[in-house]
There are 2 protein chains.
Amino acid sequence: MNAAPLTPAVLAGSDLFRGLPARGTGEALRQASLVTHTRGTRIFSQGAPVKHAHLLLRGRVKIVQSNAQGEQVIVRLIRPGETFGTLGLYVDGLYPAEAVALSEATEARWHAGTFTGLVQKYPEIALNLVRLVCERLQEAQARLREMSTERVEQRVANALLRFAVREKAPERGGLRLPLSRRDIAELAGTTMYTASRVLTAWQRAGIASSGRANVTILRPDALAAISSGRPSSQ
Amino acid sequence: MNAAPLTPAVLAGSDLFRGLPARGTGEALRQASLVTHTRGTRIFSQGAPVKHAHLLLRGRVKIVQSNAQGEQVIVRLIRPGETFGTLGLYVDGLYPAEAVALSEATEARWHAGTFTGLVQKYPEIALNLVRLVCERLQEAQARLREMSTERVEQRVANALLRFAVREKAPERGGLRLPLSRRDIAELAGTTMYTASRVLTAWQRAGIASSGRANVTILRPDALAAISSGRPSSQ
DNA sequence: CGCCTTGTTTGCGCCAGCGCAACGAAGCCA
DNA sequence: TGGCTTCGTTGCGCTGGCGCAAACAAGGCG
């Protein structure tokens, strides 16, 4: 169960190391270390110096940014195969946000210098890095647009959908996400209370089913309809 | 006046070509073409294929993203020396937003293939590109946080400050920005009406002075105080 | 099993900000 | 110079969503 051995195949399937020649995956693999975190563990802290680059192998991680008053926003949700904690490496050497495990999670990590060395040595990694950061910037800009132009219910639908579409296989019986009401609020830019009310309504409508610190998407199509502003099409 | 000749020194002072050896600036320079736009001109359109990478030499440009209902958000403001229109190159080959000249503006542009060739050939450019996109992503994430946790007046202050701090020399008599009330609304995630009310209040308080399609920042310190939520410290 | 912590729900009052409408002002063009 | 277009201002009424408060539910742990 705890077994999530780091193999060349796993690396090759990750967003950052895709397309890397075997020589490269081998080298990256030798330099990585494996760390497992329990649910709720803080993996790194906002404002701390960047010591590692991280690749999630198992579980879910949220990236949270706080302001001076301690109010929080979830900036990104990480799924296995995704890299995180690398932005600061190329800006000021500090983590711009904190990372928290949403479930038991295993990551591979590289020392900062080792990582940037790999990026420089293998153009495939560098190109992947550029592409990934560009994609994330596009996503952030789309979220910015939503925050000003869409209403809460649409934004909640978007938040869930954005995470759901990254699933490879559509799970039958619905996709279960380890997100609390507060998490959803911090994803959609609203409050716990409003998130709860939205989910209760969706529960009644059979669109999504939620329990303690988790939500299951039952009808992605209905969410998509809500997200695009159409009246909840039967 | 119209003269904004593209010299090696100008390239070396830009965000993307900084630190590039003379050989590289020379090559980039030879492959660039210069284009001048009048105020209000659309430089490229959202959803169109990326034909060029752009570097602003003179004037101001806004990057605007629209949703299906035509509601708009300003995603970024460009100042001379900054690169724009490059995100799509590394994602899906389409511009994710449109660019509009806020004032008469001159840009240098490179054909998409030429540009990616330069990025691959000169590691300095590639590293600058990663750094720039990372910085912009951090900024976008900070804006996301503000959108959920700060009130309108703070967000307007932030929008203006974010643009103002990029000025090299603090201009005496205030910094004048070519932004209409609508532009400011689309930057801060509010409406034209509310932006107008905020600016009128600031006008009375002597914090900023605004005219037709322009705002002049008189007291950046007061804006910083508002931005951080402190009561408008005399 | 019972306590404690953490998470969820829901009623209720309130208000920041939206957005219509109407007017006013500035610039552009012929 | 006059008309037209674009941009800005402000009064007014309304409401989406905030956020307190209080009760309830689900685990975790000793």
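Which helices each supply at least two residues of the surface near DNA strand D? They are H7 of chain A together with helix H6 (181-188) and helix H7 (192-205) of chain B. Helices (H or I, at least four residues) and strands (E, at least two) are DSSP runs, numbered from the N terminus.

The model is predicted: local features need pLDDT of at least 70, side-chain atom pairs count only at pLDDT 80 or more, and totals for chains, interfaces and linings use all residues. Residues are numbered from 1 along each chain as its sequence is written, and chains are lettered from A and ligands numbered from 1 in the order in which they are written.

H7(B) gives the most to the surface near DNA strand D, with 6 residues.

Helix H6 of chain A (residues 181-188) is mostly covered, with 7 of its 8 residues buried. A residue is buried if 20 or more other C-beta atoms lie within 10 Å of its own. Among the buried residues are A:Ile184 and A:Leu187. The buried residues of H6(A) pack against helices H5 (152-164) and H7 (192-205) and strands E4 (61-66), E5 (72-78) and E11 (214-217) of chain A. Packing rests on contacts, with C-beta atoms within 7 Å. A:Gly189 follows H6(A) and has a positive phi, near 75°.

Key:
Buried ≥ 20, exposed ≤ 12 C-beta atoms within 10 Å, placed from the backbone. Contact = placed C-beta atoms within 7 Å.
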